[in-house]
Amino acid sequence: MPSSTSTTVTKPAKGAAGNDKHDFFWTYTEEPHRTRRLAIIKAHPEITKLCGPEPLTKYVVAGVVGLQFAIAYYLRATPFWSFKFWALAYVFGATANQNLFLAIHEISHNLAFRSPLANRLIAIFANLPIAVPYSASFRPYHLTHHKSLGVDGLDTDLPTAIEAFVLDSILGKAFFCTFQIFFYALRPMAVYRVPFTWVHYLNLAVQLGFDFLLVRFVSPHALLYLLLSSFLAGSLHPLAGHFIAEHYVYETVTPTQRNPENKVPVPETFSYYGPLNWLTYNVGYHNEHHDFPAIPWTRLPAVTHMAKEFYQDLPRHESWSYAIWRFIWDENVGLNCRVKREKGGRLVGGAAGWKQTEIEA
């Protein structure tokens, strides 16, 4: 099977003699997806025809937004601390809002419309049931995650050293999994801040205006339902397993991989091909997504099929729920089990002066 030719240098794995147990897996070369993408295009040049917007996305977004509005209205007089309120928020609300999180993820790559402006606007619309304005800020942080995968100080998907140190226990990891939505929301601001643009201000104004109207003309409970849905979507919920499953290293890092002279890379992106992809814009096809971020969710399975020799032997997850369970209970898996780079990559956003063509490349 064709493979990456990148040279990876890692520090000793957790628990190895003389190593700080809270340290990460370090590499000093570029991320593997560009290398594999070039190899796949060389072997299967027709794969580039899969790139481009997916018209279905806007209809799915409209349907899920409508569903959340309907449930919020239905619960307008239901007590917040009732079983009915929390059950509907967990089963339907969290599932719907996780779907909208990933719709915004898809739209951040300009995969709903050809027009960048249309994508920015539908992302703001998809943001409404989430109840907290974030779609405008998510985009530059997420595109930096792609352009600077694993780069310390740039990739805000990476846990910080203090997180890895403080939460290195069963209770700490359980706390992280329960409240990880707050870590993903607040961590970027602690690492670096993107400049505000008119899109950020529009996102903020539209969301706060919607929240006000919902409370004023429906009920405060309707807004609480949406907020609870967003919290549960990023908590101990099966769909939230993708946050952890995508880039945390569950595989045993062998002595061969730990030896820099062997030049054996540590896998750092993991796919999941199970049925929950139907609810999450195929985000489980995560190696495929990082290899080809310009290919929309409906065509990612075709990438796997077309270039199966590149993907069939890569480590994968069989269950997102089990990924959460093992992350909490397995002492060999924790927040430090991420591949980090000390340099490389670039910041994506207004302050970095990126051109639209560079961002979408």
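**Exercise 1. The faces of α8**

Task: In this predicted model, find which exposed residues sit on the face of α8 turned away from its buried side. Then work out how the buried residues are arranged around the axis of α8.

Solution. 
1. L186 and A190 are the exposed residues carried by the face turned away from the buried side of α8.
2. List the buried set. In α8, it holds Q180, I181, F183, Y184, R187 and P188.
3. Look down the axis of α8. The buried residues fall within an arc of 165 degrees, so they line one face of the helix.
4. Recall the helix geometry. An α-helix has 3.6 residues a turn, so residues three or four places apart point the same way.
5. Find the partners. The buried residues of α8 pack against α3 (83–107), α5 (135–147), α6 (161–166), α7 (170–178), α10 (220–233) and α11 (241–245).

**Exercise 2. The span of α8**

Solution. 

**Exercise 3. An aromatic pair**

Task: Classify the ring pair Y281 and W297, locate both residues in the chain, and decide whether Y281 is buried or exposed.

Solution. 
1. A pair of aromatic rings is described by the distance of the centres and the angle of the planes.
2. The model has 23 aromatic pairs. For Y281 and W297, the centres are 4.9 Å apart and the planes stand at 70 degrees.
3. Edge-to-face requires an angle over 60 degrees. The Y281 and W297 pair is therefore edge-to-face.
4. Y281 lies in the loop between β2 (271–272) and α13 (286–291), and W297 in the loop between α13 and α14 (300–306). The two are 16 residues apart, and the pair links distant parts of the chain.
5. Buried means under 20% relative accessible area. Y281 has 5%, so Y281 is buried. W297 has 13% and is buried as well.

**Exercise 4. Charges over rings**

Task: Which arginine lies over the face of Y73, and which over that of Y184?

Solution. 
1. R76 lies over Y73, at 4.0 Å from the ring centre.
2. R187 lies over Y184, at 5.2 Å from the ring centre.

Key
Residues numbered from 1 in each chain as written. Predicted model: local features only at pLDDT ≥ 70, side-chain atom pairs only at ≥ 80, totals over all residues. Heavy atoms only, no water. Phe/Tyr/Trp six-rings, centres within 6.5 Å; stacked < 30°, edge-to-face > 60°. Helix = DSSP H or I, 4+ residues; strand = E, 2+ residues; numbered from the N terminus. Buried < 20%, exposed > 50% of the residue type's maximum accessible area, 1.4 Å probe, protein only. Lys NZ or Arg CZ within 6 Å of the ring centre and 35° of its normal. Arc of directions from axis to C-beta. Contact = heavy atoms within 4.5 Å.
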